[in-house]
Amino acid sequence: YLKAPLNTSSHLTGPAGWTRSTASEASIAAAWPGAQLLGVRGRILKRASPDTTSTDEELVCLLASLRGQPCDQQLVDRLRAAAAAMALLEQPEALAAAERAGICASSLIPRLQQAVVHDADDASGLAAALSELISSLSGQGEHTLRLAVRESALLLWCRPRGAGTGTRLWRASQLCAWACETHWAGLDLTGSRVLELGCGTAAAGLAAAALGAREVTLTDVDPAALRLAKRNAARNFLPNVRVAHLDAEASEASEAAAEGRFDLLLAADLVYGFVSPDRLAATAERLLEGPHARALFVHDGDGCRSEGARQGVAGFVAAVEAATALRCVRSETVDKDWVTGRELAAPLLLQLFAAPLHPT
């Protein structure tokens, strides 16, 4: 149920082309058939409301079973199953279950050291399995985040404490998805071609696909982010989604992978001290086409950002309009959470630009 088979094409197809089983499912079933973790996995992947208590207790039992287990193949299978099960939960839920099971990263490190000493080549796979679970228990592992979209939710792989910008779900991406869903400033994604710049986890672009976009292209300059975006698209069974390498600040030559022009560009939190607003805007201008084409930029007003980043956000509209034919048609500061209504510690900024009509 998890992901499409990897092939040479960067296009993702619908459910007919998807595989039904994965290594994670097999390891869970082999190591802990009584815990019914596959049933929990099915509920989550079908986007139903999972029974969090049941899921947590099953994971607690699985993790607790590791204590005192001899170093054999069954331990390897259970370690892999535990890491796979932790990845299905959000990080706080997974770490809380581990605490209740009495398992922590430091308790497994001596076993890892012994495994390396006795099997330097790791022929049994024990060291790799221990390392994977230790990574999850230390907060560096892969987990699931849920992003509500209409009546359902996108399920996104992420590493909440991982390095790099493409490992977590940023506030700006969530606001970008909300703007698309609520038709902010008249946005209507139905039947449109959408491109996300600097996609990271691809939350905004995948939300666009779920909201009726005809085609979605997810782009980033980081190959690791593109691999993650492809996995997240596959996990949510979204057709007509592709990934492509694109440097948002580079020349037109790097945009060949984008394949044409688009009705809507999404750019969440791309203005840093080292990103040039005018070059970013020039890329957006080249990729848009038609009198109704739009570019949505979402900026984070976090006061901890560098001075260059803050100046880039403050002067973004002026820089864009001076460097390109794009014009800002709406700008709005968001200082309250769009779901709960609570005051935000730092505001975010929505800016929508209209594209010029490109000659045919």
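Among contacts (heavy atoms within 4.5 Å) in the protein chain between residues at least 6 apart in sequence, 69% join residues at least 24 apart. The model is predicted: local features need pLDDT of at least 70, side-chain atom pairs count only at pLDDT 80 or more, and totals for chains, interfaces and linings use all residues. Residues are numbered from 1 along each chain as its sequence is written, and side-chain values use heavy atoms, with hydrogens and water left out.

The protein chain holds 13 helices and 10 strands; helices (H or I, at least four residues) and strands (E, at least two) are DSSP runs, numbered from the N terminus. Of its 360 residues, 49% are buried, where buried means under 20% relative accessible area, exposed over 50%, and partly exposed in between (1.4 Å probe, protein chains only).

A nonpolar core is a set of buried Ala, Val, Leu, Ile, Met, Phe, Trp, Tyr and Cys residues joined through side-chain atoms within 4.5 Å. The largest one has 46 residues, and Leu206, Leu218, Leu266 and Leu296 have the most contacts inside it. Apart from it lies another core, of 29 residues, including Ala115 and Ile134. Leaving aside neighbours within four places in sequence, the contacts of leucine 266 include Cys176, Val194, Gly205 and Leu296.

Strands β2 (residues 143–149) and β3 run antiparallel and are joined by 7 bridges; two strands pair if DSSP finds at least two bridges between them. Arginine 146 has leucine 155 in β3 as its bridge partner. In β3 (residues 152–158), 6 of the 7 residues are buried. The hairpin has 2 residues between the strands, and arginine 150 takes a positive phi there.

Helix α10 (residues 223–235) has 13 residues, which at 1.5 Å a residue should span 18 Å, and its end C-alpha atoms are 18 Å apart, in agreement. The expected span is 1.5 Å times one less than the number of residues. Its buried residues include Leu226, Leu228 and Arg235. At the N-terminal end, aspartate 222 caps α10, with a side-chain oxygen 3.0 Å from the backbone nitrogen of alanine 224.

| Residue | Place | Phi |

Serine 138 lies in the loop between α7 (126–137) and β2. Serine 138 is partly exposed, with a relative accessible area of 35%. Serine 138 and alanine 105 are 33 residues apart in sequence and 5.7 Å apart in space, C-alpha to C-alpha.

Terms used
A polar contact is a pair of N or O atoms within 3.5 Å; within protein, one must be able to donate a hydrogen and the other to accept it, and residues adjacent in sequence count only if both atoms are side-chain atoms.
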